[in-house]
Amino acid sequence: MSKKLSTKCIHSGGIVDDNFHGNITPIYPSITYDYLKSDAYPRYFNTPNQLSAAKKIAELEGAEDAVLFGSGLASVATSMFSLLSSGDHVILQKSLYGGTINLVNTEFKKFKIEFDYVDVSNNNELENALNSKTKIIYIESPSNPLLSITDIKSIASFAKKNNLISIIDNTFASPVNQNPISLGIDLVIHSATKYLGGHSDILAGVVCGSNDLISVIKKSGLNFGSNISEYISWLLERSIKTLSVRVLQQNYNALKIANFLSRHKKINKVYYPGLEKHPKHDVAKLQMTAGFGGMVSFELNDSIDSDKFVKTLKIIQPTMSLAGVESTITSPAKTSHKKMDPEDRDKMGITKNLLRFSVGIEDADDLINDLLNALEINE
Ligand SMILES: *Cc1c(COP(=O)(O)O)cnc(C)c1O
């Protein structure tokens, strides 16, 4: 029977408790298994709670299989290093999560993996970057922190035409809003630390794709050993039961807040794909099905000091991470993009007054009042 996403969040995956007939998935913390009867070992990605949570996420993304890792970045790194060899070339979207850029810039060179950052919405740039060694095209949409939107379908067809493996970091959208495999993408990565986990209390990652690609990643991945534990796998499975209700509320709150911010005179710019004035709103509308996600970035005008503004907020908390049920806010220029050249940073739009707001599931009007109060106090 085909199931809709919110039903899958509850009922996909899971382990039937035949011993005690409990209703929920039991935890299997065992590291050792009877080798005459089982080849299970946590580092081989084949223990019960890993498989159970991975199956749930694979079904949410419409993928044949999925594999869990100890962090989002472990998913990115293990996928890349499993699929690439020295001499291969990778095309990457220009605006990506800072940790991914750091991984590519520092580690790829050591292994003689070539790469180019490209404006992936520009066909000429894409074609020019392509060479006979190009193996992967890697994108992120919406991107962190400026919520840029990449046309997923057109990247997937570019990849198919040129025999590349297409990979997307789908963390910001979550499977509730966007299922890139249905748009032709080969591998979908999530930092499960974010929306899938959703409570700011677990670090995890996942890669979804075909049986063939996931088995290649598992085969190499067991040599890299960046596994998740059974406990965290269990917590992740439990968290995903509320994924759909959480993200739908975050979509609703974020759109309302983005509209509020874009009307306020002390706000220079609002970055949110759900706003009609977002340059790729039409593309976002086509590929993001339920809503536009819970991340809103905005730039305060020069009359306000961003540190003072953040300190004045009472409900919204200043933290680095994102996608929890609680609202959090951060200054990318002072955290994730601190190490960048300030001029380059400004050119990208990551100015000192830019804030990245991860909208939680509190009442939207309380959040708006919190923002309004901080905007007024900073007169
Ligand atoms: C946080 C994040 C990551 C990295 O995930 P970790 O779980 O912190 O390793 C990757 N991509 C995006 C878009 C993220 O926001």
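Phe81, Phe108, Phe111, Phe115 and Tyr117 form one aromatic cluster in this structure. The model is a predicted one. Across the whole structure, a search finds 8 aromatic pairs. The largest nonpolar core has 50 residues, and a ligand is surrounded by 14 residues. The points below take these topics in turn and then look at some single residues.

**Aromatic pairs**

- Phenylalanine 81 and phenylalanine 111 are an edge-to-face pair, because their ring planes stand at 70°, with the ring centres 5.4 Å apart.
- This pair links distant parts of the chain, 30 residues apart. Phenylalanine 81 belongs to helix α3 (residues 72-83), whereas phenylalanine 111 sits in the loop between α4 (98-108) and β3 (114-118).
- Phenylalanine 111 has a relative accessible area of 43% and is therefore partly exposed.
- Phenylalanine 298 and phenylalanine 309 also form an edge-to-face pair, with ring centres 6.2 Å apart and planes at 80°.
- Strand β9 (residues 295-300) holds phenylalanine 298 and helix α12 (residues 306-312) holds phenylalanine 309, so this pair ties together parts that are 11 residues apart in sequence.
- Phenylalanine 298 is buried, at 0% relative accessibility. Phenylalanine 309 is buried too, with a relative accessible area of 0%.

**Nonpolar cores**

- Within the largest nonpolar core, of 50 residues, Leu236 and Leu243 have the most contacts.
- At least three residues of this core come from domain 1 (5-240), and at least three from domain 2 (243-377).
- Leaving aside neighbours within four places in sequence, leucine 236 is in contact with Ile57, Leu68, Ala192, Leu196, Gly197, Ile202 and Ala204.
- Another core, of 31 residues, lies apart from the largest one. Among its residues are Tyr272, Phe292, Phe309 and Ile329.

**Around the ligand**

- Of the 14 residues around the ligand, those that come nearest are Leu73, Asp169, Ser191, Thr193 and Lys194.
- For leucine 73, a backbone N or O atom lies 2.8 Å from an oxygen atom of the ligand.
- For serine 191, an N or O atom of the side chain is 2.8 Å from a ligand oxygen atom.
- For lysine 194, an N or O atom of the side chain is 2.7 Å from an oxygen atom of the ligand.

**Leucine 73**

- Leucine 73 is located in helix α3, the helix that also contains phenylalanine 81.
- With 33% relative accessibility, leucine 73 counts as partly exposed.
- Not counting residues up to four places away in sequence, leucine 73 touches Tyr97, Gly99 and Thr100.
- Leucine 73 and tyrosine 97 are 24 residues apart along the chain, and 9.7 Å separates their C-alpha atoms.

- Glutamate 230 lies in helix α9, which covers residues 230-240.
- A relative accessible area of 5% makes glutamate 230 buried, because buried means under 20%.
- Proline 29 is 201 residues from glutamate 230 in sequence, yet the two C-alpha atoms are 5.8 Å apart in space.
- Beyond neighbours within four places in sequence, the contacts of glutamate 230 are Ile27, Tyr28, Pro29, Thr47, Pro48, Asn49 and Gln50.
- With one of these residues, glutamine 50, glutamate 230 makes a polar contact between side chains (3.2 Å).
- Serine 239 also has its place in helix α9. Serine 239 counts as buried, at 6% relative accessibility.
- Setting aside residues up to four places away in sequence, serine 239 touches Leu196, Gly197, His199 and Arg246. Leu196 and Gly197 are also in contact with leucine 236.

**Serine 327**

- Serine 327 is found in a loop, between β10 (317-318) and β11 (328-330).
- The relative accessible area of serine 327 is 0%, and the residue is buried.
- Which residues does serine 327 contact, leaving aside its neighbours within four places in sequence? They are Ile315, Ile316, Gln317, Phe357, Ser358, Val359, Gly360, Glu362 and Leu367.
- A polar atom in the side chain of serine 327 lies 2.8 Å from the backbone nitrogen of glycine 360.

Methods
Residues numbered from 1 in each chain as written. Heavy atoms only, no water. Core = buried A, V, L, I, M, F, W, Y, C linked by side-chain atoms within 4.5 Å. Buried < 20%, exposed > 50% of the residue type's maximum accessible area, 1.4 Å probe, protein only. Domains from an automatic or database assignment. Contact = heavy atoms within 4.5 Å. Phe/Tyr/Trp six-rings, centres within 6.5 Å; stacked < 30°, edge-to-face > 60°. Helix = DSSP H or I, 4+ residues; strand = E, 2+ residues; numbered from the N terminus. Near = heavy atom within 4 Å. Polar contact = N/O pair within 3.5 Å; in protein donor to acceptor, adjacent residues only side chain to side chain.
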